[in-house]
Amino acid sequence: QVQLVESGGGLVQAGGSLRLSCASSGRAFSTYAMGWFRQVPGQEREFVATIRWIGRTLYYADSVKGRFTVSGDNPKNTVYLQMSTLKPEDTAVYYCAADAQGGYAKNYRREGTYDSWGQGIQVTVSS
């Protein structure tokens, strides 16, 4: 497994912006995709966005498309989530995830696709 650490969360007013970062630590490794999920207490963790390094293919949940941008640095195994025009419903704990196994025809919107997770970071959007 890969050790992942999120940073950049916090409290922001509706309409504002935040940038989350996720960096890996520990032994050298390769990843094939890195992304973000979020979870509200009492609800299931949901997909937000992912970048697949091959072709730098981007995947977004419909709820964040046009407002959030995922990017990253493959050699450094680092992924970012630029969040703009934030809404109160974006309030959640955000988790970084990495796919270090690779493979074909993977569904990057599924939790099971990822084998490493960060501890999560709180993002709160006030109305």
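## Methionine 83

Beyond residues up to four places away in sequence, methionine 83 touches Gly16, Ser17, Leu18, Leu20, Arg67, Phe68, Tyr94 and Val123, a contact being heavy atoms within 4.5 Å. The model is predicted, so local features need pLDDT of at least 70 and side-chain atom pairs count only at pLDDT 80 or more, while totals for chains, interfaces and linings use all residues. Residues are numbered from 1 along each chain as its sequence is written, and side-chain values use heavy atoms, with hydrogens and water left out.

## Nonpolar core

The largest nonpolar core has 36 residues, and Trp36, Leu81, Met83 and Tyr94 have the most contacts inside it. Such a core is a set of buried Ala, Val, Leu, Ile, Met, Phe, Trp, Tyr and Cys residues joined through side-chain atoms within 4.5 Å. Buried means under 20% relative accessible area, exposed over 50%, and partly exposed in between (1.4 Å probe, protein chains only).

Strands that each supply at least two residues of this core include strand 3 (18–25), strand 4 (33–39), strand 8 (78–83) and strand 9 (92–99). The largest share, five residues, comes from strand 9. Strands are DSSP runs (E, at least two residues), numbered from the N terminus.

Four strands form an open antiparallel sheet in the order 1-3-8-7. Strand 1 (3–7) and strand 7 are the edge strands, each pairing on one side only. Neighbouring strands are turned by 15° against each other on average, direction ignored; axes are lines fitted to C-alpha atoms, and angles run from 0 to 180 degrees between N-to-C directions.

Strands 3 and 8 pair in the antiparallel sense over five bridges, where pairing requires that DSSP finds at least two bridges between two strands. Serine 21 has tyrosine 80 in strand 8 as its bridge partner.

## Disulfide

One disulfide is found in the whole structure, the term meaning a pair of cysteine sulfur atoms within 2.5 Å. Cysteine 22 and cysteine 96 form this link, with their sulfur atoms 2.0 Å apart. The link is left-handed, with -80° about the S-S bond. Cysteine 22 lies in strand 3 and cysteine 96 in strand 9, so the pair ties together parts that are 74 residues apart in sequence. Cysteine 22 is buried at 0% relative accessibility, and cysteine 96 is buried at 0%.

## Aspartate 99

Aspartate 99 is in strand 9 and is buried, with a relative accessible area of 0%. A polar atom of the aspartate 99 side chain lies 3.1 Å from the backbone nitrogen of glycine 102. Outside four places in sequence, the contacts of aspartate 99 include Thr31, Tyr32, Lys106, Tyr108 and Asp115.

How values were computed: A polar contact is a pair of N or O atoms within 3.5 Å; within protein, one must be able to donate a hydrogen and the other to accept it, and residues adjacent in sequence count only if both atoms are side-chain atoms.
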